[in-house]
Amino acid sequence: MTKPALSDPAGCGGDHAKQALTVAQAQAYILNDCVPVRGTERLALRAALERVLAEDVVSPVDVPAHTNSAMDGYALRAADLSEDGTTELALIGTTLAGHPFTGRVGKGQCVRVMTGSPLPDGADTVVMQEQVDAGASAVRVAEDHQRGDNVRLAGEDLRRGAIVLESGARIHPPALGLLASIGRAEVTVHRRPRVAFFSTGDELRSVGQRLAPGQIYDSNRYTLYAMLRRLGADPVDMGVVPDNRDAIESAFHEAAACADVVITSGGVSVGAADYVKETLEKLGQVGFWQIAMKPGRPLAFGQIGDARFFGLPGNPVSVMVTFYQFAAPALRRLMGETNVRPAAFLRARCTTPLNKRPGRTEYQRAILEPDDDGELVVRSTGSQGSGVLRSMGQANCFIVLARDSGNVEAGSRVDVQPFFGIM
């Protein structure tokens, strides 16, 4: 797999540490630098859920295959209906889904039909059974019905030869049903990008190990694993790597050799033992950024061999925020997905005051819900420290405060990014 070399757009390298990139600049640079991974596979339809199509899918049939009734009722000829009174029609038969009526509806006649059953020859309209006075051999129909009422035309949903789904579309549940509706049993999809990830830090221990003084459990690998699996990548957990130049360099070599993407957490700031940046500069290419955002200011993006690299911050919330804003759209692009734009914002009234200093875009954890009148309102989860992982579990959205904005008074309207749009 060969990827284009990293470029260094104005402001993305060199003296960039003196002037932080905006979130939008960093997102655009990363997406511009990512191309879909090579390789496809043929999957049975159910196995293709949440995968990305690597082919245009063309319908071999009309959907629906035949003109049919949209309601339980009576199929008839609109020309037979009186415009100013009741019409009596002879009932000549019944048609069921899968068991069509083989005769023809003539003048003054009707056929009982069920939802989805083929429209009998000669009929052009269906009147709902609730609007008919039916007897054993005849029905009475009042006025005020139009030709074509309650009729679904053949090919109304899809025409034979039409493109059902385009290459680059993610196969969500509606798409899976759509593919089934044209009889498609298999599809060709892009392969999953393989993502190797590890945490750095002498203080970190894996779950199940005993903690010594000054040590903590590593939660970042678990959130990263979950985010990668939910997104549809193929995660490779490489554990915890100590703050040691040789150990970090060895981990980078191993990760880049087996993966399309390498993600680390921790070691990208300017601390004395933060070796990720210098290792990247030694082994590959790096655009090392300070991004004007909170949480998650330090972020490294680069390339080691053929593998793209994301160096995320070490604090748990910062890992999740930077993953969703930068790594997730890039991974979706690598998967072959064409629509990877950030999730749309909603506007909602904020019921709690928010502290904010101008100069950085902030992603504050919050809870979005309707009030008693049905209006969308949002409230902060409280403490916004980047180590307060519990707040991510409580929240269902980010309040996104623009770079130049300041404090927000209760009652103000704010931009909200719901988690269901990104997670």
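## Exercises on cysteines, a helix face and a pocket

In this predicted model, the sulfur of C397 is 9.2 Å from the closest cysteine sulfur, which belongs to C350, and that is too far for a bond. Let's start from there.

**Exercise 1.** Decide whether C34 and C397 are buried or exposed.

*Solution.* The cut-off for buried is under 20% relative accessible area. C34 has 4%, so C34 is buried. C397 has 0%, so C397 is buried.

**Exercise 2.** Find which residues of helix α5 are buried, and how they are arranged around the axis of α5.

*Solution.* First, look along residues 276-283: V276, T279 and L280 are buried. Next, look down the axis of α5: these buried residues fall within an arc of 100 degrees, so they line one face of the helix. Last, see what covers the buried residues of α5: the list includes α4 (245-258), β13 (194-200) and β17 (261-265).

**Exercise 3.** Describe the largest pocket and its lining.

*Solution.* Begin with volume: about 580 Å³. Of the 32 lining residues, R170, H172, R230, L231 and R332 are the closest to the centre. Then turn to elements: α3 (220-231) and α6 (316-334) each give two or more residues, and α6 gives the most, with six. Finally, sort the lining by class: 15 nonpolar, nine polar and eight charged residues.

Technical notes:
Residues are numbered from 1 along each chain as its sequence is written. This is a predicted model: local features need pLDDT of at least 70, side-chain atom pairs count only at pLDDT 80 or more; totals for chains, interfaces and linings use all residues. Side-chain values use heavy atoms; hydrogens and water are left out. Buried means under 20% relative accessible area, exposed over 50%, partly exposed in between (1.4 Å probe, protein chains only). A disulfide is a pair of cysteine sulfur atoms within 2.5 Å. On a 1 Å grid over the protein atoms alone, a cavity is a set of points where a 1.4 Å probe fits but cannot get out, and a pocket is an open set with protein on both sides within 12 Å along at least five of seven lines; lining residues have an atom within 4 Å of a point. Grid points are joined across faces, edges and corners, and a volume is the space filled by probe spheres set on the points. Helices (H or I, at least four residues) and strands (E, at least two) are DSSP runs, numbered from the N terminus. Ala, Val, Leu, Ile, Met, Phe, Trp, Tyr, Cys and Pro count as nonpolar, Asp, Glu, Lys and Arg as charged, and the others, Gly among them, as polar. The arc is that of the directions from the helix axis to the C-beta atoms. Contact means heavy atoms within 4.5 Å.
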